[in-house]
Amino acid sequence: LLVDPHLAIGLASFYFFIGSLTRVLFFRNNINWKIVRKFILISIAGAILGAIAIIPINSEIMLFVILLFSVFFFYKKFDKKKDKDSSLKHIGTYAIGGLSGFLQGAGLAGSDIRNQYLYSKGLSLAEVHGTTALIGASNFLIATIIRLYTHQLTIPNLLPILYLTPLILIATWIGKFSIGKINKELTNKLIIVIMVLIIISLILKIMKII
């Protein structure tokens with residue numbers, strides 16, 4: 001409502017960088033470093049491409065792609081078969097990392113697809129928060145630096161977002177405190193509810209665009 005769409009994407013990237021950095025602070029002990037090592041480089045590469053992309057991205061198509069991945073990961077959440085350690089599996093992991101990074105770099109919903117993947121791998125709420133926050137913070141930082149360098153953003157543009165930092169810190173601390181009070185069984189149920197809500201929200205977004 002306040003700025004043009006191009007500037008809004010840049011401001012949102014910086015806002016999510018601050019938010020992700022805050023989650024890294026509070027969930028640092030829950031970060032799954034094995035997954036971070038798999039995702040981080042390809043995800044950053046995708047974010048760079050997304051931030052400098054000059055081609056228009058069809059939101060409807062991207063939402064549909066994310067929906068398909070989300071439904072697949074929801075299925076994998078209940079699939080009791082163990083994944084085989086094959087090259088195809090690693091290619092899929094890198095594809096998710098690259099795609100989620102590209103989407104975040106372009107200002108779209110990249111965390112949804114990555115979070116659904118992490119939930120399908122059995123990570124807890126706290127682990128998903130810490131792990132995806134670190135990867136997301138890296139993506140958003142790179143995207144913001146590129147936009148500043150290419151003059152899509154200016155430092156004064158970012159100052160209003162910095163004023164929100166205390167509120168973000170307080171809200172994240174409350175979230176961290178609340179998650180710590182939830183037992184494992186309830187946490188697993190919440191994860192399933194979150195995955196379903198993400199799928200429903202994606203469907204509603206697609207229907208609205210159509």
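Author: In this predicted model, helices α5 and α6 cross in a right-handed sense. Helix α5 covers residues 110-120 and helix α6 covers residues 125-149, and their axes come within 10 Å of each other while crossing at roughly 145 degrees. On the α5 side, the residues that meet α6 are R114, N115, L118 and Y119, and on the α6 side their counterparts are L125, V128, T131, T132, I135, G136 and N139.

As for the setting of this pair, the secondary structure of the protein comes to nine helices and zero strands, so that, given how helices and strands are assigned, the order of elements from the N terminus reads α-α-α-α-α-α-α-α-α. Among contacts between residues at least 6 apart in sequence, 85% join residues that are at least 24 apart. Of the 210 residues in the protein, 40% count as buried, and the accessible surface comes to about 12100 Å², with 71% of that area belonging to carbon and sulfur atoms.

One part of the surface can be described residue by residue: V193, V196, L197, I200, I203, L204 and M207 make a nonpolar patch of about 610 Å².

Key:
Residues numbered from 1 in each chain as written. Predicted model: local features only at pLDDT ≥ 70, side-chain atom pairs only at ≥ 80, totals over all residues. Heavy atoms only, no water. Patch = residues over 30% accessible without salt bridge, like charges linked within 9 Å, V, L, I, M, F, W, Y side chains within 5 Å. Areas by Shrake-Rupley, 256 points an atom, 1.4 Å probe, with all protein chains shown as cover. Salt bridge = Lys/Arg side-chain N within 4 Å of Asp/Glu carboxyl O. Helix = DSSP H or I, 4+ residues; strand = E, 2+ residues; numbered from the N terminus. Buried < 20%, exposed > 50% of the residue type's maximum accessible area, 1.4 Å probe, protein only. Contact = heavy atoms within 4.5 Å. Axes fitted to C-alpha atoms, helices over the stretch in contact; angles between N-to-C directions. Left-handed = near helix turned anticlockwise from the far one by under 90°.
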